[in-house]
Amino acid sequence: MKAYEENPDGIKKADIVVGIPSYNEADLIAYPTQQAALGLKEYFGNMDSVIINCDNNSTDGTRDVFMNADTGAIPKMYISTPEGVKGKGNNFRNLFKKVVELEARAIVVVDADLKSITPRWIKNLGEPLFNDFGYVTPLYVRHKYDGTITNNIAYPFTRCLYGRRVRQPIGGDFGFSGRLAELYTRSKLWDEDVSLFGIDIWMTTVAMNEGIPICQTFMGRPKVHKPKDPASDLGPMFRQVVGTIFKLMDEYHEHWEKTRWSKPTAIFGFGLGEVEMPPPVTVTKEKLYEKFRKGFSTYWDIYKVIFSGESLQKIREIASLDMDRFEMPTAVWAKILFDFALCSKKQTVDIDKAIDALIPLYYGMTLSFVNKTEGMSIQQAEEFLEDMCQVFEETKPYLVDRWDQA
Amino acid sequence: MSKILVVDDEKHIRLLYAEELEEEGYDVALASDGTGIGECIEKESPDVVVLDIKMVNSNGLDILQEIRNTYYNLPVILCSAYGSYKVDIKSIAADAYVVKSSDLTELKKKISQVLEAKIPEPG
């Protein structure tokens with residue numbers, strides 16, 4: 001894949017780079033670009049820096065908006081995948097190569113649709129990289145219904161597997177060292193899903209398993225970006241994130257099989273004072289329920305292959321609940337995910353078909369989460385999630401016992 | 001034998017914890033507040049710290065930060081009569097959180113879990 005590059009200032013070296021991956025983000029990219037520039041100027045003013053937009057050849061003028069954004073003395077570069085080549089991961093791959101070439105020590109990546117970014121975010125994600133950490137993930141308050149793949153799958157699953165409590169493993173905003181970027185470029189674990197939306201969970205999982213010092217950093221402000229209804233906007237992201245988790249499980253099974261319980265991850269930037277609350281996210285329970293019920297009938301034959309008799313009976317029972325009483329016990333959900341992971345390993349069902357069959361159950365789990373947390377504050381929902389994670393960890397022996405026989 | 005350092009400003013709580021945890025086979029050290037927590041950890045070399053949050057002379061969440069600045073891998077269990085502190089984002093740095101009760105079953109379970117917790121070094 002030959003990348004297209006514009007480097008009007010002829011930048012050949014940088015200490016710190018801010019990367020902004022994008023695809024058709026002309027409406028929103030100017031704001032994070034300007035905030036990034038302010039952050040670089042204010043907190044890393046004594047270093048050479050550059051902002052790089054890693055784009056998928058957007059057709060809406062993203063490049064022009066980015067290149068024309070006022071960043072003062074901070075230079076900009078534009079890199080794009082060739083026409084027709086999409087994928088967030090492909091943008092990251094271009095970024096990894098470029099930052100290695102620039103010999104950057106620290107790289108901060110922020111989403112192009114961020115509305116709540118402040119210059120301080122660049123400091124919070126960048127500073128730990130000059131203090132012995134190699135990978136930095138954000139800690140921000142998100143609405144309880146924002147990030148449902150994170151809450152129901154990515155966080156509890158990776159935490160119980162690898163024992164690291166990284167609250168936002170697919171948060172979209174990260175920091176990583178130049179050394180880690182080099183490791184990413186050399187990794188043999190790259191595949192189609194990673195080149196798309198699997199990239200975030202891939203980066204986090206690789207960092208966790210390669211002994212990279214990880215920290216979480218308080219961002220102060222909530223993540224506010226383009227809102228999505230969890231019932232409407234699942235898209236290919238689910239398939240790519242979950243597919244990547246399953247594939248990496250195979251690669252790192254010796255590590256996670258020996259991991260017991262979990263430990264907190266280092267925190268950088270305690271004491272940011274008051275934490276601002278995020279705006280509400282709408283969720284349509286009827287749609288979640290309808291999609292669960294419809295998919296449940298469609299994929300019943302696949303469930304019969306994947307689940308044990310006991311699990312099958314339990315899921316059938318859950319499916320008979322009406323919408324307002326709908327509840328998926330966490331232990332059942334954890335076993336569902338473990339059974340799908342085992343299926344991915346054994347290849348008893350084509351992995352694409354298996355993940356299609358998992359989607360309705362995920363909608364069911366999301367509905368269950370909504371029902372349980374409806375009357376809760378964001379903080380109480382967070383506590384509920386902590387209890388969910390504990391159940392995942394307690395249920396993990398179910399997976400370990402079966403993995404080597406699979 | 002694993003050693004538990006209990007930091008709590010209420011004497012009867014310290015004594016209750018000491019008695020019950022010693023019965024479980026743990027060695028127990030006691031501190032009445034978080035002042036000089038660093039020296040206390042150096043002196044006692046605990047395997048786990050059980051830390052009260054709301055103390056007269058100190059705030060357990062601040063003590064937790066102090067511990068984390070130096071002893072990153074030392075397991076800390078926050079223990080408070082107030083469940084509301086559990087939702088304080090700073091408590092995320094603790095290994096576990098237990099709401100205080102005269103029945104120490106939950107605390108003992110968490111102590112045993114944090115002692116068992118293991119993340120192998122990458123191969």
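Visitor: Leaving aside neighbours within four places in sequence, which residues is Ile77(B) in contact with?
Guide: They are Val48(B), Val50(B), Leu51(B), Ala94(B), Asp95(B), Ala96(B), Val98(B), Lys110(B), Ile111(B) and Val114(B), where contact means that C-beta atoms, placed from the backbone, lie within 7 Å. Please keep in mind that this is a predicted model, in which local features need pLDDT of at least 70 and side-chain atom pairs count only at pLDDT 80 or more, while totals for chains, interfaces and linings use all residues. Residues are numbered from 1 along each chain as its sequence is written, with chains lettered from A and ligands numbered from 1 in the order in which they are written.

Visitor: And how many residues does the largest nonpolar core have?
Guide: It has 152 residues, and Ile77(B) is among those with the most contacts inside it, along with Val17(A), Val50(B) and Leu51(B). Such a core joins buried Ala, Val, Leu, Ile, Met, Phe, Trp, Tyr and Cys residues through C-beta atoms within 7 Å. The largest share, 11 residues, comes from helix H14 (residues 351-373) of chain A, helices being DSSP runs (H or I) of at least four residues, numbered from the N terminus.

Visitor: How far apart are Ile359(A) and Arg239(A) in space, C-alpha to C-alpha?
Guide: They are 8.5 Å apart, although 120 residues separate them in sequence.

Methods
Buried ≥ 20, exposed ≤ 12 C-beta atoms within 10 Å, placed from the backbone. Helix = DSSP H or I, 4+ residues; strand = E, 2+ residues; numbered from the N terminus. Contact = placed C-beta atoms within 7 Å.
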